[in-house]
Amino acid sequence: MAQRKLTQAEMPVADHAFYGLVWAGTVLTDRVDRALIKAHDLPVSWFEVMLWLASSPDPVPASVLGNSTMLSRSQVSRVIDALRSRGLVTRTPAAHDARSVEISLTPEGRTLFEEADATRRACLAPVFTDLLDEDDLTALSRVWRKLKEKKGEV
């Protein structure tokens, strides 16, 4: 007996929406990861930490990176160590608390981030940003914001 796939019409909308989130996250993350590693020897997890650092005008406490990224605190710590060994970030004691550290991009890190960000954008364009209009992107952003607001309750 041949097996068939469920169509979207047969799947409850909440299930289809959830599956779509998982599928998009997995496929797009894998695509970006491969492109960043090939072009810059930079895994997407490293890029994510660099993205948060590049977005901040000031050094970022390591604990804030742990709360902001999709990585665990131990993963963030390992990524920071790896980025530091490549000369891409610096760790300095926090001015307000000597027990904590703040992380910032080095000039080399900022340059690599800008190059990697261009790679990421070019990689995503044909399968994401070129397919979606401004209304789609705004709607997705609104959905992600709603879901992320409840992150602490999960």
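Q: Which exposed residues does the face of α5 turned away from its buried side carry?

A: This is a predicted model, in which local features need pLDDT of at least 70, side-chain atom pairs count only at pLDDT 80 or more, and totals for chains, interfaces and linings use all residues. Residues are numbered from 1 along each chain as its sequence is written, and side-chain values use heavy atoms, with hydrogens and water left out. Now the general idea: an α-helix has 3.6 residues a turn, so residues three or four places apart point the same way. On α5, the face turned away from the buried side carries exposed Pro-107, Glu-114, Arg-121 and Ala-122. Buried means under 20% relative accessible area, exposed over 50%, and partly exposed in between (1.4 Å probe, protein chains only). Helices (H or I, at least four residues) and strands (E, at least two) are DSSP runs, numbered from the N terminus.

Q: Which residues of α5 are buried?

A: Gly-109, Leu-112, Phe-113, Ala-116, Asp-117, Thr-119, Arg-120, Cys-123 and Leu-124 are. They lie on the same side of α5 because they cover an arc of only 165 degrees around the axis. That arc is taken over the directions from the helix axis to the C-beta atoms. Their cover includes α1 (13-40), α2 (44-54) and β3 (101-105).

Q: In what order do the elements of the protein chain run from the N terminus on?

A: The order is α-α-β-α-α-β-β-α-α. That gives six helices and three strands. Buried residues make up 25% of the 154 residues.

Q: Which residues have the most contacts inside the largest nonpolar core?

A: In soluble globular proteins, nonpolar side chains tend to be buried together. Here the largest nonpolar core has 26 residues, and Leu-42, Val-49, Met-50, Leu-53, Leu-65, Leu-83 and Val-89 have the most contacts inside it. At least two core residues come from each of α1, α2, α4 (73-85), β3 and α5. A nonpolar core is a set of buried Ala, Val, Leu, Ile, Met, Phe, Trp, Tyr and Cys residues joined through side-chain atoms within 4.5 Å.

Q: Is Leu-53 buried or exposed?

A: Leu-53 is buried, with a relative accessible area of 3%. Leu-53 sits in helix α2. Not counting residues up to four places away in sequence, Leu-53 touches Val-60, Leu-65, Val-89, Ile-103, Ser-104, Leu-105 and Arg-110. Contact means heavy atoms within 4.5 Å.

Q: What phi does Asp-41 have?

A: Most residues other than glycine have a negative phi, and most peptide bonds are trans. Asp-41 is not a glycine, yet has a positive phi of about 50 degrees. Asp-41 is in the loop between α1 and α2. Asp-41 counts as exposed, at 51% relative accessibility.
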